[in-house]
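Please look over the sequence and the model shown here before reading on. The report below is meant to be read alongside them.

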Amino acid sequence: MKLWGGRFTKEENQLVHNFNESLSFDQKFYRQDIKGSMAHVTMLAKQGIVTEEDKNAILQGLEGILKDLENGTLVFTEEHEDIHSFVEATLIGRIGEAGKRLHTGRSRNDQVALDMKLYCRDEIDETQELIKTLLEEILKIMEENLDTYMPGFTHLQKAQPVTLAHHMGAYFEMFYRDYLRLKDTWERMNYCPLGSGALAGTTYPLDREYTAELLGFYGPTLNSMDSVSDRDYIIELLGGLSTIAMHLSRFAEEIIIWNSNEYRFVELDDAYSTGSSIMPQKKNPDIAELVRGKTGRVYGALVSILTTMKGIPLAYDKDMQEDKELTFDAIDTVKGCLSLFAGMLSTISFNREVMADSAKKGFTNATDAADYLVNRGVPFRDAHGIVGHLVLYCIERDMALDDMSLEEFQSVSPVFEKDIYEAISMKTCVEKRVTTGAPGQEAMRKVIRVCGERLKEARRP
């Protein structure tokens, strides 16, 4: 059944129908469509626009449709153009004339705007829960690895010693920002477009504030043209999802590097690895690689909707139908990646001795050796040069600074004394860094407490 057939004298070309239809993908928000219709008819009855009898019949019919869709006794059929026409036609088929009154005072334009907002709002809630699960896994690793020393990197070159707790704390910050970013999007989008009509409102005495209240919105949108043509919230959501995907990709890249034979920082659980069809020794980090690869897919959705929206005049245009498939796919992709990544992280093993040895052999304590000299009166530039000579000396002999004898130290600078070994130990290098945000245990324990409090407070207002 077409909702607009009265003005037409010819049947729609089948190819046109196939090109125009959206039921094949917008059926995804059938729950939201039915929920919105229930609120709409409840408001219509409150305003005296439909009778209580018709309202009750419509509500009962909608509840039956929802139940039958949920249990699989009702299936979507291809003759319907979209989810709205499917639900309305099914309703009319079940309850008769009363069903024809459901669409009073609304258009598919404000109806689809409502459905998409309700769907995105629900999906933001679910995505935030997945982020919280990932944050919990990260925090657990932080708590257990305050003294797991490892090299920190710049330019993928070993730079200074940190701890695994400190390294993981950087990702906690990233994903916590992602959580807040989605929360901000939820807050901005939480205004109800239903009642805006096609673009200019309606002459029916609707109570839009009541409809908004029934659906859990802060209130109604304030411009009917903007209401039906606004897709900013989708762009914001896809921007947030793209940032999540980017953070996951960075994290995945490090897991992939750490899992390599050259690093051996981590051991991935068999459940989150795959093998090779030809090389029996292989254990590949395919989950991490796929998470990294799917980031481009999420970026593509953001670029696509931005490109679609850039040339659309007010108010609604059919181009906007293109927002759904890419948004659904991006949401599903990010949710899947978050879930798998949290599972992979919960089962990963860290090779602590390998990490500490890598920091030691990577001269990550060279800066501390220079600071040792500075604290004994050597100008920093001279100290920098002295330690540079020491590093070169060690490289030529395949040894670490810690492996040098006191005589070797003093042959380069007589300022060195036997306390140099304690000064450049991994423990000292890390533990004396106690400013907020640094890797020392004292600083990290404070940060871990804050992170724990953030997780407890992470809830919808």
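**The chain as a whole**

This is a predicted model, and its protein chain has 19 helices and four strands. The radius of gyration of the chain is 30 Å, well over the 23 Å that the globule rule gives for 461 residues, so the chain is more spread out than a compact globule. Taken along the principal axes, the box filled by the C-alpha atoms is roughly 100 × 50 × 40 Å. Of the 461 residues, 50% count as buried, and the chain exposes about 22,200 Å², of which carbon and sulfur atoms supply 51%. Among contacts between residues at least 6 apart in sequence, 76% join residues at least 24 apart.

**Nonpolar cores and a surface patch**

The largest nonpolar core has 97 residues, and those with the most contacts inside it are Ile138, Met142, Trp258 and Phe341. Helix α10 (residues 232-258) gives the most to this core, contributing 14 residues. A second, separate core consists of 21 residues, including Val378, Ile386, Val391 and Ile424. When residues up to four places away in sequence are left aside, Ile138 touches Met168, Tyr171, Phe172, Phe175, Phe251 and Leu345.

Lys132 is found in helix α6 (residues 108-144). With a relative accessible area of 14%, Lys132 falls under the 20% limit and is therefore classed as buried. Its contacts, again not counting residues up to four places away in sequence, are with Tyr179, Leu455 and Ala458.

On the surface, Leu199, Met225 and Leu314 form a nonpolar patch, with about 270 Å² of accessible area together. Met225, which has its place in helix α9 (residues 224-229), is partly exposed, with a relative accessible area of 31%.

**Salt bridges**

Side chains of opposite charge can pair when their charged atoms come close.

Asp178 is buried, with a relative accessible area of 2%, whereas Arg181, at 30% relative accessibility, counts as partly exposed.

Where do the partners Asp323 and Arg231 lie? Asp323 lies in helix α12 (residues 323-347) and Arg231 in the loop between α9 and α10, so the pair ties together parts that are 92 residues apart in sequence. Both Asp323 and Arg231 are buried.

Lys361 and Asp357 both lie in helix α13 (residues 352-361), where they are four residues apart, about one turn of the helix. At 54% relative accessibility Lys361 counts as exposed, while Asp357 is partly exposed, with a relative accessible area of 33%.

Beyond these pairs, Glu81, Asp82, Arg108 and Lys318 are linked in a network of salt bridges.

Notes. Residues are numbered from 1 along each chain as its sequence is written. This is a predicted model: local features need pLDDT of at least 70, side-chain atom pairs count only at pLDDT 80 or more; totals for chains, interfaces and linings use all residues. Side-chain values use heavy atoms; hydrogens and water are left out. Helices (H or I, at least four residues) and strands (E, at least two) are DSSP runs, numbered from the N terminus. Buried means under 20% relative accessible area, exposed over 50%, partly exposed in between (1.4 Å probe, protein chains only). Contact means heavy atoms within 4.5 Å. A nonpolar core is a set of buried Ala, Val, Leu, Ile, Met, Phe, Trp, Tyr and Cys residues joined through side-chain atoms within 4.5 Å. Patches are made of residues with over 30% relative accessible area and no salt bridge: like charges are joined within 9 Å, nonpolar side chains (Val, Leu, Ile, Met, Phe, Trp, Tyr) within 5 Å. Accessible areas come from the Shrake-Rupley method with a 1.4 Å probe; for residues, only the protein chains shown count as cover. A salt bridge is a side-chain nitrogen of Lys or Arg within 4 Å of a carboxyl oxygen of Asp or Glu. The radius of gyration is taken over C-alpha atoms; the globule rule is 2.2 Å times the number of residues to the power 0.38.
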